[in-house]
Amino acid sequence: GYARVVSRLDTERISAYLSRVREASDVIVFGSGLRGNNIYAFLVSNGINSIRAFCDNDTGRQGDSRYGVGIMAPEEAAGRYAEAIYIITVSLHEQEIREQLENIGVAEERILSYALPIDPHFCTNSMMKKRM
């Protein structure tokens with residue numbers, strides 16, 4: 001019984017997160033490292049096809065791409081996608097990145113943390129499709 005309750009609560013939390021992201025016509029994934037890649041896979045495997053770009057503070061990654069999606073500087077992303085939802089994938093520097101985005105004009109309500117698992121199995125299956 002306990003496992004069912006925990007599973008239901010996890011499903012509700014994941015469903016609510018995905019619903020919030022689905023509301024946006026444009027999604028920007030902030031961070032193009034392993035976490036960003038896994039989060040991208042999770043979103044796409046759950047039917048979110050509105051990811052317009054990755055953004056990253058690492059100038060060595062800017063101009064590159066992941067999965068055919070460009071990586072740009074945060075300032076460029078904010079200028080091009082002012083109404084996007086920005087998902088912060090860098091948990092260690094989350095507060096700094098949040099402040100950076102707000103300082104370049106991204107509204108606080110458009111900045112989301114990614115607080116779900118990043119395990120590759122979780123991120124690459126479409127478990128939520130079976131439950132939604």
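**Close-up views of a predicted model**

D26, with 18% relative accessibility, counts as buried. Keep this residue in mind, as it returns in one of the legends below. The model shown is predicted.

View 1. Along the sequence, the elements come in the order α-β-α-β-β-β-α-β-α-β-α-α. The protein has 132 residues, of which 46% count as buried. Among contacts with a separation of 6 or more, 66% join residues 24 or more positions apart. The exposed surface comes to about 7,000 Å², with carbon and sulfur atoms supplying 50% of it.

**View 2. The largest nonpolar core holds 21 residues.** Y17, V21, F42, L43, I51, I87 and Y114 are the members that touch the most others. Two or more residues each come from α1 (2-22), β1 (27-30), α2 (34-45), β2 (51-55), β4 (69-72) and β5 (85-88). Take a moment with Y17: beyond its neighbours within four places in sequence, Y17 contacts I87, L112, S113, Y114 and L116.

**View 3. A second, separate core has 15 residues, including A53, A77, I97 and V106.** Here we focus on A77, found in helix α3 (residues 74-80). A77 counts as buried because its relative accessibility is 0%. Apart from neighbours within four places in sequence, A77 meets I28, C55, M72, A82 and Y86.

**View 4. R52 and D26 form a salt bridge.** Their closest N and O atoms lie 2.7 Å apart. R52 belongs to strand β2 and D26 to the loop between α1 and β1, so the pair ties together parts 26 residues apart in sequence. While D26 counts as buried, R52 counts as partly exposed at 34% relative accessibility.

**View 5. R80 and E76 pair within helix α3.** The N to O distance in this salt bridge is 3.0 Å. Because the two residues are 4 apart in the helix, about one helical turn separates R80 from E76. E76 counts as partly exposed, with 37% relative accessibility.

**View 6. E83 and R110 join two loops through a salt bridge.** The side chains meet at 3.3 Å, N to O. E83 sits in the loop between α3 and β5, and R110 in the loop between α4 (94-103) and β6 (111-113), so the pair ties together parts 27 residues apart in sequence. E83 counts as exposed at 54% relative accessibility, whereas R110, at 22%, counts as partly exposed.

Key: Residues are numbered from 1 along each chain as its sequence is written. This is a predicted model: local features need pLDDT of at least 70, side-chain atom pairs count only at pLDDT 80 or more; totals for chains, interfaces and linings use all residues. Side-chain values use heavy atoms; hydrogens and water are left out. A nonpolar core is a set of buried Ala, Val, Leu, Ile, Met, Phe, Trp, Tyr and Cys residues joined through side-chain atoms within 4.5 Å. Buried means under 20% relative accessible area, exposed over 50%, partly exposed in between (1.4 Å probe, protein chains only). Contact means heavy atoms within 4.5 Å. Accessible areas come from the Shrake-Rupley method with a 1.4 Å probe; for residues, only the protein chains shown count as cover. A salt bridge is a side-chain nitrogen of Lys or Arg within 4 Å of a carboxyl oxygen of Asp or Glu.
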